[in-house]
Amino acid sequence: MFSNAQRVKMDNVNFHSSQHVQHVHNIQDGRKGGWKMLLKNIASNALHDSSARFDAPKCDEDTRVEVTKELMDWIQDRESPQRLLCMTGAAGAGKSALQQTIAEECSGSNTLGSAFFFSAGDPTRNNLTHIVPTIACQLGLRNPALRDAIEKTIEDDPLIFKKTLRIQMDTLIVGPFQRVCASGGLDSSTFPYAILIDGLDECSGEDNQDELLSAIRHCLLDNDLPFRIFIASRPEWAIRSALDSDPEGYLYQFAYHMKLSDMYDATGDIRRYLWTRLRGIGSRSRDRRAQSPEWPRQEDIEKLVAAASGQFVYAATVVKYVSERRGSPVDRLRAIINWTPEGGQQIQPFELLDILYRNILSTAKELYEAVDTNRERDFLLLIRAHQMNSDMRVSVQYSARGFDEIISLEEGGHQVLFSDLHSLVFVRQNPQWTEVWEEMKFYHLSFFEFLDSEFRAQHLFVPERRVRQYVVGSCLQKLLQYETFLDERSFYWIIDALILYSGDHITYVDDLRLIDFTRNNGWGRIDERLSFHIERGPFNSEFRHGLARFTLDTIKHLNDELHEQKLADIVKSYFDKWKERYGFREKAEKKKPSVDL
């Protein structure tokens, strides 16, 4: 640097130039960036101790002792050659409760490496998008050197989260773990090694379930890693075909298959569970009959145990129903006993559980519709509508409060609607939202499936088509009475719901309602609202495309199917106006969700 300089004098020189310091900071900031990227791609709701799973089922003390011991013995036997255990069982057999119990025991003994609980009703954990990052994050938090290695891997390949599941697993878990072990930064003999995955069947798509099992086989089992992996699932196609012996599945030689429903009789545990829980409810009740040592009666417990048929979901539903504060636990238990058919009848596998569901629904329906202000409302239709909203059946989920407005319920109407269904559903506030965001949740997937099945729900079944038509009709009615919602968000919600629930080519729009809406200046009301809201800023493109498509489909339907030429011309006049003023297009794209709803 100074090779040609003469008589150079330097006083108080700081050789750490600003460029060098900035370079160091850039490296440090980049290092932090990899872990931040990982955190953005995890599903925090899937953790065993997540607040989203605040009421997660787990085994009561002195229940499922035998199966819990076998699971823990398998996890702790690190010399066993089979490093994968797959526990399968019917819906309601208690698989998730066992997983939760094992997760808590492993956490307490510092053997839990990671846990991931799938959930069909949660879009952050009903697919494969977040599972590998979530597992990698939990493992990285167990060891600083492993965390650094994972972080650097992400910085070297920031597109890793868009790659296949197997590449993600190799890159984010296998590679960093092997490198840190080789460098001496991690002792695999003391590292928390249990990886728990619950509810594989609730991961949407059989192909996705199979992809995860295949990735586990090729990445975690084929490599010399210390992990012992415990997967719980209903015996759906993906896991059955992987574990079958004839023809031999690709996991048959690698996995210990525990068939929960076949290997363990849960009758005794269900009996103990019912005794313990019902006695606890009785001791806290103000009803002296419930406080009596003779309640519940032995014969009633035995009837419930027989009705449960080994399904903990039945017993759990009974306990939740009896524990409702509205009414005496003695009377509520008696109602359940009266619903239970006598033995000796030929039944379907879920018949007794479905009888319980049908009677709880029927009772709630009678109580709801007996109230003067609710007599004109269809309780089952409204429940089914909220259920469809909760699982994003039309690709968007509205808050329970917002959906009340869409289906013409008063503010907080969903709370009244569910008031006698707390043994089956609950309303949860999503902590990720700054404003109050309430959503309908199911304690058990089996009740969700019950509502979807005409065979199981029988006379209480409401077809999806009828729900869609009702929502669309409600939206059209709200637009005719637009004075009841003046704020911009409500207008967007009503239009979005109208477009999304109407389906392609307005499949679910009632013809008479559409004609009535057009004749009574419904399109003029939309035009007034558009003019009002455009003053606050332009509409986004998705909103324009969706409304344009709905309007064009209406014109075509009025012309071609209903032969209402004059009405079609009325609608077309508004479309032409909006095309010139707001940029609507003749070939509108299919509507996508336009706002955070």
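Buried means under 20% relative accessible area, exposed over 50%, and partly exposed in between (1.4 Å probe, protein chains only). In total, 5 of the 5 residues of β1 are buried.

This is a predicted model: local features need pLDDT of at least 70, side-chain atom pairs count only at pLDDT 80 or more, and totals for chains, interfaces and linings use all residues. Residues are numbered from 1 along each chain as its sequence is written, and side-chain values use heavy atoms, leaving out hydrogens and water.

Now the sheet. Its 5 strands follow the order β2-β3-β4-β1-β5, the sheet is open, and the pairing is parallel. Strands (E, at least two residues) and helices (H or I, at least four) are DSSP runs, numbered from the N terminus. Two strands pair if DSSP finds at least two bridges between them. At the edges sit β2 (112–117) and β5 (255–259), each pairing on one side only. From one strand to the next, the twist averages 15°.

Which strands does β1 pair with? On one hand, β1 (residues 84–88) runs parallel to β5, joined by 5 bridges. C86 stands opposite H257 in β5, and M87 has M258 of β5 as its bridge partner. On the other hand, β1 pairs with β4, again in the parallel sense and over 5 bridges. There, L84 is partnered by I229.

Helix α2 (residues 65–76) touches β1, β3 (194–198), β4 (228–233) and β5, and its direction makes about 175° with that of β5. Helix α3 (residues 95–108) lies across β1, β2, β3 and β4, at about 160° to β3. Angles run from 0 to 180 degrees between N-to-C directions; axes are lines fitted to C-alpha atoms, for helices over the stretch in contact. Contact means heavy atoms within 4.5 Å.

The buried residues of α10 pack against α2, α11 (288–291), α12 (298–308), α13 (312–322) and α14 (329–339). Among the buried ones are D269, I270, Y273, L274 and L278. Leaving aside neighbours within four places in sequence, S285 contacts A290, Q291 and P329.

Not counting residues up to four places away in sequence, I406 touches several residues, including W493, I494 and A497.

Last, the whole chain. The chain has 26 helices and 7 strands. Of its 597 residues, 51% are buried. Among contacts with a separation of 6 or more, 74% join residues 24 or more positions apart.
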